[in-house]
Amino acid sequence: MAFGTLKADTLTHSTAGSLDTNYVVNGSAKYWSNLDGTGTIGIRDSFNHSSQTDHATGKYTLTLTNAMSNDDYAITMATGGTSSGSGRIFDDDTARTTSAFKVVGQSLDNAAVLDIDQWTFAIHGDLA
């Protein structure tokens with residue numbers, strides 16, 4: 001059953017004021033995920049996440065369900081949990097595409113590659 005189209009330029013809340021819908025469309029994350037990077041890797045929860053690939057210790061590719069319009073999107077990342085490491089986005093010539101990106105976990109002590117318990121990601125940009 002189709003309900004039609006709802007168009008609005010402004011959202012207004014009874015006590016919190018108004019907001020231009022451009023802020024909602026342009027400012028909302030188009031992807032987010034919480035990755036368990038130890039043992040058999042898996043996603044704890046996500047939005048617009050299709051799959052993940054474990055390449056080796058601490059090296060993963062995350063794939064989006066709906067692609068971004070280009071590969072210039074912004075990724076925000078944090079690591080935590082029980083691991084004593086940090087992560088980085090692995091941007092070589094083939095790492096970031098409109099539908100996937102690679103990450104690498106590293107030890108805070110000696111930069112050795114390691115699995116990290118908890119990764120969180122958010123992507124901002126335009127969907128294709």
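1. **An aromatic cluster.** Y31, Y60, F101, W119 and F121 are linked into a cluster by ring pairs. Rings of Phe, Tyr and Trp (its six-membered ring) pair if their centres lie within 6.5 Å; planes under 30 degrees apart count as stacked, over 60 as edge-to-face and the rest as tilted. The structure holds four such aromatic pairs.

2. **Basis of the note.** This is a predicted model, where local features need pLDDT of at least 70, side-chain atom pairs count only at pLDDT 80 or more, and totals for chains, interfaces and linings use all residues. Residues are numbered from 1 along each chain as its sequence is written, and side-chain values use heavy atoms, with hydrogens and water left out.

3. **Y31 and F101.** A pair of aromatic rings is described by the distance of the centres and the angle of the planes. Y31 and F101 form an edge-to-face pair, 5.9 Å centre to centre, with 90° between the planes. The pair links distant parts of the chain: Y31 is in strand β3 (residues 31–36) and F101 is in strand β9 (residues 100–107), 70 residues apart. Strands (E, at least two residues) are DSSP runs, numbered from the N terminus. Both Y31 and F101 are buried. Buried means under 20% relative accessible area, exposed over 50%, partly exposed in between (1.4 Å probe, protein chains only).

4. **Y60 and W119.** This aromatic pair is also edge-to-face: Y60 and W119 are 5.7 Å apart centre to centre, with 85° between the planes. Y60 counts as buried because its relative accessible area is 0%. W119 is buried too, at a relative accessible area of 0%.

5. **A charge over a ring.** R96 lies over the face of Y73, 4.8 Å from the ring centre. The rule: NZ of Lys or CZ of Arg is within 6 Å of the ring centre and within 35 degrees of the ring normal.

6. β3 and strand β4 (residues 42–47) run antiparallel and are joined by five bridges. Two strands pair if DSSP finds at least two bridges between them. N34 stands opposite D45 in β4. The hairpin has five residues between the strands, and G39 takes a positive phi near 60° there.

7. **T10.** T10 lies in strand β1 (residues 10–13). Leaving aside neighbours within four places in sequence, T10 is in contact (heavy atoms within 4.5 Å) with S18, L19, D20 and T21.

How values were computed. Helix = DSSP H or I, 4+ residues; strand = E, 2+ residues; numbered from the N terminus.
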